[in-house]
Amino acid sequence: MSTVTATLLRHYNALYSCPFHQTVLATTVLGLTTSFLLLRSTAPPPRSIPSPRINPLTAATPYPPTILPGSRLVSTPHGTMNVAEFGPASGRKILLIHGSSAPSIVFSSLARALAADGYRVLVFDLFGRGYSDAPIDVNYDERLFSTQILYALYSSSLEWDRFSVVGYSLGGGIAVAFAAHFAHRIESLVLFAPAGLLEVSGLGYLTKLARGGWVPKAIETWMLGRLLVARESAHQYDAPTEGGLDYSSVMKWQAAEHKGFINAFASSFRYGPIYDRQEEWRAVGKSAIERMGVLIGERDDVVPPALLGEMVMLLGGQERVRGEILLHAGHNLVRERWRACADFVGDVVGDPEGSDDGYDDDVMTASTSTFEAAADF
């Protein structure tokens, strides 16, 4: 046995019998503990991840935070959120809710068209998207999103006591979940390719495990990356908007620069109103909302057009709900066919000034036979 080992062993054995060694050990432990408690930061841990708005704009930034009229940043207990509100103050009010991957700029052309038609529109970036912060201590479920809607409404200088809601993709599921509890405030409900009735049973085995939280974080991130790349690819050949926006670049920038986006996207997939939400849809169907419409693209590869019939029936049937399939359109219909979407909103919501309470029964985009076939599902 070496001299060093023998010395250490002697001191170790002395801890059980020597008061001096015991006192030295206790004093050392107490001193280290006290130093840690006194020197550690007393500031609470961060509760949200800031959006890219804190970074200086560069040539690679696809659009500035103030690209839409009436843009404002709103401080909330869940983090700062990006809101835009514009259009005639006296116009009928419309709230637009975007989907899971692209921020609210996806509504750029549609929102501007509605404002030009005389409506007052309000859009916002869901938490973790665009220029809204990403809370890290909550689930991205209908409770968080409904709370964010209320934040957006109360940030306005106008009274949003009665308004219409337009939801796209995940935003459609959010709109229905919100309407299930706040139907008394909603004049009309318009859904574009809405989530909510997709079936978990249709997911792959590994995807089900990821949604249940049983997949390691690294594998889940890899899976989400593949999904985002697929969605970006769906945009890569899109023509730029009138303002020159390239949505493939927007999505790549968001994934790279918004450090809270991936977690927000994953949590929305796991907890958001996307799959098997029939009960919420039935609740809305039993509500007093008189005007409702659902529009799905004929070539939608995310929300099957075959779901249209079930959606209409759950919301109250053909007598109450205007259900249409937009021919030659895909899941990106709110951008690619924004004029048709704006007309559909106008037909369901009514006159911008609130004087027209009837539907405009012009040309239907889906034939009667197509709609009846969809209604069998």
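Reader: What makes β7 and strand β8 (residues 186-192) a pair?
Author: Strands pair if DSSP finds at least two bridges between them. In β8, F192 is the bridge partner of Y168. Helices and strands are themselves DSSP runs (H or I, at least four residues, for helices; E, at least two, for strands), numbered from the N terminus. The model is predicted: local features need pLDDT of at least 70, side-chain atom pairs count only at pLDDT 80 or more, and totals for chains, interfaces and linings use all residues. Residues are numbered from 1 along each chain as its sequence is written, and side-chain values use heavy atoms, without hydrogens and water.

Reader: How do you know that β7 also pairs with strand β4 (residues 93-97)?
Author: By the bridge count again: β4 and β7 share 4 bridges in the parallel sense. L95 has V165 of β7 as its bridge partner, and I94 stands opposite S164.

Reader: Why is β7 (residues 163-168) called mostly covered?
Author: Buried means under 20% relative accessible area (over 50% is exposed, in between is partly exposed; 1.4 Å probe, protein chains only). In β7, 6 of its 6 residues are buried. In a regular strand, side chains alternate between the two faces of the sheet. F163, V165 and G167 are buried on one side of β7, and S164, V166 and Y168 on the other.

Reader: What makes β2 (71-76) and β10 (321-326) edge strands?
Author: The open sheet has 8 strands, in the order β2-β3-β5-β4-β7-β8-β9-β10, with mixed pairing. β2 and β10 each have a single partner strand, so one side of each has no neighbour in the sheet.

Reader: Why are helix α4 (residues 142-154) and helix α5 (residues 170-182) called roughly perpendicular?
Author: Their axes come within 10 Å and cross at roughly 75°. Axes are lines fitted to C-alpha atoms, for helices over the stretch in contact, with angles from 0 to 180 degrees between N-to-C directions.
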